[in-house]
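Here is a short report on one protein model. It starts with charged contacts and moves on to the pocket, a helix and the rings.

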Amino acid sequence: MTIRWHCLPFAALPSLILYDLLRLRSEVFVVEQNCAFQDIDRLDMDAHHLLGYNEAGELAAYARLFDAGKSGEQASIGRVIVAQPFRQYGLGRELMRQALAFSDSLFGPQANKIGAQQHLERFYNEFGYEQSGPMYVEDGIPHIPMVRPA
């Protein structure tokens, strides 16, 4: 499967791409995970949006990237998603590789944090992230803070 990666600041997102990413986030974080929460949180405007489209023009993967000071003291990656039909292809790992590469390219190499769902700790360990604080519950889902050193 060939994925085309694009990383755009909020102001450069065409309306149909914005619709795609908001629809995917809603499908996964609200419907699939049965979690009613305010996904559109005003942080999108300060983020770069990493989008992975397949050959048919379907949004297969997404993450949002922040420089230090935009969503906390450190650079961060969040809203990491692979659409359900594409999960059997190892696309989550490619998404994280792309997210880290774009983050380093856009913001310079630096420490990077995530608020990971606890069951994904080993996945994020593969990319150098380590737990950096106690477990917390966000929107009914156990999470852990994790940091990847510079």
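The whole structure holds 7 salt bridges. A salt bridge here is a side-chain nitrogen of Lys or Arg within 4 Å of a carboxyl oxygen of Asp or Glu. This is a predicted model, in which local features need pLDDT of at least 70 and side-chain atom pairs count only at pLDDT 80 or more, while totals for chains, interfaces and linings use all residues. Residues are numbered from 1 along each chain as its sequence is written, and side-chain values use heavy atoms, with hydrogens and water left out.

| Salt bridge | N to O distance |
|---|---|
| Arg64 and Asp41 | 2.7 Å |
| Asp41 and Arg79 | 3.2 Å |
| Glu94 and Arg97 | 3.1 Å |

**The charged network**

Asp41 lies in the loop between α1 and β2 (48–53), and its partner Arg64 lies in strand β3; the two are 23 residues apart and link distant parts of the chain. Helices (H or I, at least four residues) and strands (E, at least two) are DSSP runs, numbered from the N terminus. Arg79, in strand β4, is 38 residues from Asp41, and this pair also links distant parts of the chain.

How does burial divide these residues? Buried means under 20% relative accessible area, exposed over 50%, and partly exposed in between (1.4 Å probe, protein chains only). Arg64 counts as buried because its relative accessibility is 3%. Arg79 is at 18%, so Arg79 counts as buried. Asp41 has a relative accessible area of 26% and is therefore partly exposed. Salt bridges that share partners join Arg25, Asp41, Asp44, Arg64 and Arg79 into one network.

**Backbone exceptions**

Arg79 has a positive phi, near 50°, and is not a glycine. Asp139 is also a non-glycine with a positive phi, about 55°. Asp139 sits in the loop between β7 and β8. With 40% relative accessibility, Asp139 counts as partly exposed.

**The largest pocket**

The largest pocket has a volume of about 1000 Å³. On a 1 Å grid over the protein atoms alone, a pocket is an open set of points where a 1.4 Å probe fits, with protein on both sides within 12 Å along at least five of seven lines; lining residues have an atom within 4 Å of a point. The volume is the space filled by probe spheres set on the points. The lining has 38 residues, and Phe29, Arg79, Val80, Gly115 and Tyr124 are the closest to the centre. Strand β4 gives the most to this lining, with 7 residues.

**Helix α2**

Helix α2 runs over residues 91–107, and its 17 residues should span 24 Å at 1.5 Å a residue; the end C-alpha atoms are 24 Å apart, which agrees. The expected span is 1.5 Å times one less than the number of residues. Glu94 and Arg97 are 3 residues apart in α2, so about one helical turn separates them. The buried residues of α2 include Leu95, Met96, Leu100 and Phe107. Just after the helix, Gly108 takes a positive phi of about 85°.

**Aromatic rings**

There are 3 aromatic pairs in the whole structure. Rings of Phe, Tyr and Trp (its six-membered ring) pair if their centres lie within 6.5 Å; planes under 30 degrees apart count as stacked, over 60 as edge-to-face and the rest as tilted. Phe123 and Tyr124 are edge-to-face, 5.0 Å centre to centre with 75° between the planes. Both of these residues are buried. Phe123 and Phe127 are also edge-to-face, at 5.3 Å and 65°. Ring pairs link Phe123, Tyr124, Phe127 and Tyr129 into a cluster.
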